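Hello,

I am handing over the structure below, followed by notes on what was found in it. Please read the notes with the structure open.

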Amino acid sequence: MAKPVRRVPQQQRAARRVDALLDAAAETIAERGFEAATMTEIAERAGASIGAVYQYFPNKSALVFALRTRYGDEMDAQWSALSAAAANLTVQQFVDRLLALLVEFMAAHPAYLPLLSISLNFKRDAAVRNRLRKRFALLFQRYAPALSGDDAFRVAEVVLQVVKSLSALYGPAKPKERRALLDEYRTVLAAYLTARLG
């Protein structure tokens with residue numbers, strides 16, 4: 001795949017244009033799906049010319065890659081803030097807030113779930129991914145000081161993978177089933193963390 005962004009915005013105006021294009025892409029994909037969304041429609045929705053879109057994104061996949069990167073960064077920032085504020089939370093409260101953040105994120109970003117089903121060979125920067133895992137690992141060591149750094153990091157990886165797996169089930173489920181799924185995930189995560197963190 002070509003580089004996700006063809007032209008790196010150097011000025012504030014260009015950065016705003018990229019943000020507008022990503023917002024328009026998110027709205028279009030949320031309404032019409034990835035396959036039906038067109039670059040022309042995204043440009044029109046953003047109030048930009050089609051040429052302006054191609055200045056920054058050589059194709060729709062590159063635009064989606066950038067949008068998924070944005071979503072990943074936003075989600076990591078929210079989870080990192082939770083980790084920093086979680087020192088006085090019980091394990092169950094931490095699990096409740098972690099899942100609530102994911103559900104709120106999916107509600108606020110309707111394109112998030114459709115984007116997950118698109119195969120783009122999407123890989124986030126390893127340093128970014130590990131930064132969040134390290135924050136969670138430090139939190140888990142506060143809960144269980146005897147936990148080694150490697151064990152805490154592994155627990156963080158498992159927790160994040162379990163939480164992320166909810167998305168695939170949550171998206172197609174009806175509201176009642178979504179509530180039931182959240183209850184199941186709360187049970188799984190609380191049981192796992194209680195067992196690992198004492």
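Leaving out residues up to four places away in sequence, R70 touches D19, L22 and D23; contact here means heavy atoms within 4.5 Å. Before going further, note that this is a predicted model, in which local features need pLDDT of at least 70 and side-chain atom pairs count only at pLDDT 80 or more, while totals for chains, interfaces and linings use all residues. Residues are numbered from 1 along each chain as its sequence is written, and side-chain values use heavy atoms, with hydrogens and water left out.

R70 lies in helix α4. Helices (H or I, at least four residues) are DSSP runs, numbered from the N terminus. R70 counts as buried because its relative accessibility is 19%; buried means under 20% relative accessible area, exposed over 50%, and partly exposed in between (1.4 Å probe, protein chains only).

What does R70 form with D19? The two form a salt bridge, with the closest N and O atoms 3.5 Å apart. A salt bridge is a side-chain nitrogen of Lys or Arg within 4 Å of a carboxyl oxygen of Asp or Glu. The pair links distant parts of the chain, as D19 is in helix α1 and R70 in helix α4, 51 residues apart. D19 is partly exposed, with a relative accessible area of 39%. D19, D23 and R70 are linked in a network of salt bridges.

**Other charged residues**

A search of the whole structure finds 8 salt bridges. One of them joins the side chains of R45 and E27, at 3.4 Å from N to O. This pair also links distant parts of the chain: R45 is in helix α2 (residues 39–46) and E27 in helix α1, 18 residues apart. R45 counts as partly exposed because its relative accessibility is 32%, and E27 is partly exposed at 40%.

The side chain of R45 also makes a polar contact with the side chain of E31, at 2.8 Å. A polar contact is a pair of N or O atoms within 3.5 Å; within protein, one must be able to donate a hydrogen and the other to accept it, and residues adjacent in sequence count only if both atoms are side-chain atoms. E31 lies in helix α1 (residues 12–32) and counts as exposed because its relative accessibility is 57%. E31 and A111 are 80 residues apart in sequence, and their C-alpha atoms are 8.1 Å apart in space.

K60 is in helix α4 (residues 60–85). K60 is buried yet has no salt bridge, and the nearest side chain of opposite charge, E35, is 5.2 Å away. For charge, Lys and Arg count as positive and Asp and Glu as negative; His and the chain ends are not counted. What does the side chain of K60 reach at 3.5 Å? It is the backbone oxygen of E35. Leaving aside neighbours within four places in sequence, K60 is in contact with F34, E35, A37 and M39.

**Helix α9**

Helix α9 (residues 175–197) has 23 residues and reaches 32 Å from its first C-alpha to its last, close to the 33 Å expected at 1.5 Å a residue. The expected span is 1.5 Å times one less than the number of residues. The buried residues of α9 are L181, L182, Y185, L189, A190, L193 and L197. What covers them includes α5, α7 (126–143) and α8 (149–170). D183 forms a salt bridge with R186, the closest N and O atoms being 2.8 Å apart. Both lie in helix α9, 3 residues apart, about one turn of the helix. D183 is partly exposed, with a relative accessible area of 45%, and R186 is partly exposed at 27%. After α9 comes G198, whose phi is positive, near 75°.

**The nonpolar core**

The largest nonpolar core has 64 residues, and those with the most contacts inside it are F57, W79, F94, F136, F140 and L193. Such a core is a set of buried Ala, Val, Leu, Ile, Met, Phe, Trp, Tyr and Cys residues joined through side-chain atoms within 4.5 Å. Helix α5 (residues 91–108) gives the most to this core, with 10 residues. Not counting residues up to four places away in sequence, F94 touches L82, A86, L89, F136, L139, F140, Y143 and L193.

Regards

Key
Helix = DSSP H or I, 4+ residues; strand = E, 2+ residues; numbered from the N terminus.
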